[in-house]
Amino acid sequence: MLLAAFLLFLSYASMVVNPSKGWYMTALGLLFVPIAVLNVILLLWAVNRRSRSFLIPLLALLPSMIFIGKYLQFSSGAVDPAPTKVKVLSYNTGHFLLGRKPEFKEEGGVLACMDSVIRFVKESDADIVCLQEVNLPGEYDVTKFIREHFPEYNAGYFMFITDNGTYGNVTLSRFPITGKGRLKFDGSSNLAIYTDLKVGEESTLRVYNCHFESYNISLMKLAKSYRDSTVVQETEERVKRSIRRRSEQVDQVMEDIENCPVEALVTGDFNDNPMSYTYYRLMRDRKDTFVEAGKGFGATYSMLWPFIRIDYILYPDHFGAVSHRIPHLKYSDHYPVIAEINL
């Protein structure tokens, strides 16, 4: 009980400790849900035995009442829509790699998966669309591609060029674009782009479309090779490197936000859960659409649903969240996030 309680308190602390000073704190934050569940089991066991030691897991669990709402909402606290309401969609398309699944192979593979995502984006009728890991096989004229498939949108994007095509982040907007740019992350193919949108006669909103460093590990490969110390050591080093890079990337985005003269909306795949330095750093002066207007489980990573929530839409705290949805689509290993916000 003491060990489980201690691990839970370390999980709480992971939010404020910069991973560059202790990478393992991020791992403990990622394990917040299973560690909390373990403490609940120990609490019930102690109560059943009528042991006074039930106080240990009980006291450890009390702070979790504050944080559980980041993962699970029992009721929505949405506000009424206003004339200035905008709909925002954030979606990591996962390079359309799930197009290799049998049901898509029969229909055309990766291209069929891409067509499904394009159709979903159009049907969502969002005013602002932030896409990550957009992979266009054999396509190098990105402007032409966007004009062909999304003629009603203005676009801001940055794509890496490879021998097989292009990939990167794309932001689509029904509002006029007055400025755009890219935040380059050293030694990484991940990135963040920003787009300045004219949302009113005198109002400008900057939208950050972020894709922070991922772990780049295969759980299946690790499970098969757990006896191979070399593979385990390589995986550990890769995890350490990813965690440290991500904290540097977040600090870089935050520096740009703090110097931004207009309101900032932060979206994308953070590759970190709510009990993390990444989330709480970016939440400064902002609110989370799921916490404010969502209901049910907030998880967005389909492979480990309902435990992993890594995709977000964060907005200035004086705006209001009208709705938050997470459609369970099969086109990516991530689920899209759709929110409506009063500006």
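A residue counts as buried under 20% relative accessible area, as exposed over 50%, and as partly exposed in between. The exercises below apply to a predicted model.

**Exercise 1.** Determine whether W23 and Y24 are buried, partly exposed or exposed.

*Solution.* The relative accessibility of W23 is 21%. Because this value lies between the limits of 20% and 50%, W23 is partly exposed. For Y24 the relative accessible area is 46%, so Y24 is partly exposed as well.

**Exercise 2.** Classify the ring pair of Y12 and F67, and locate both residues in the chain.

*Solution.* A pair of aromatic rings is described by the distance of the centres and the angle of the planes. Rings pair if their centres lie within 6.5 Å; the centres of Y12 and F67 are 5.5 Å apart. Planes under 30 degrees apart count as stacked and over 60 as edge-to-face. The planes of Y12 and F67 stand at 35°, so this pair is tilted.

**Exercise 3.** Classify the ring pair of W23 and Y24.

*Solution.* The ring centres are 6.4 Å apart, which is within the limit of 6.5 Å. The planes of W23 and Y24 form an angle of 75°, so the pair is edge-to-face.

**Exercise 4.** State which charged residue sits over the ring of Y194, and at what distance from its centre.

Notes:
Residues numbered from 1 in each chain as written. Predicted model: local features only at pLDDT ≥ 70, side-chain atom pairs only at ≥ 80, totals over all residues. Heavy atoms only, no water. Phe/Tyr/Trp six-rings, centres within 6.5 Å; stacked < 30°, edge-to-face > 60°. Helix = DSSP H or I, 4+ residues; strand = E, 2+ residues; numbered from the N terminus. Buried < 20%, exposed > 50% of the residue type's maximum accessible area, 1.4 Å probe, protein only. Lys NZ or Arg CZ within 6 Å of the ring centre and 35° of its normal.
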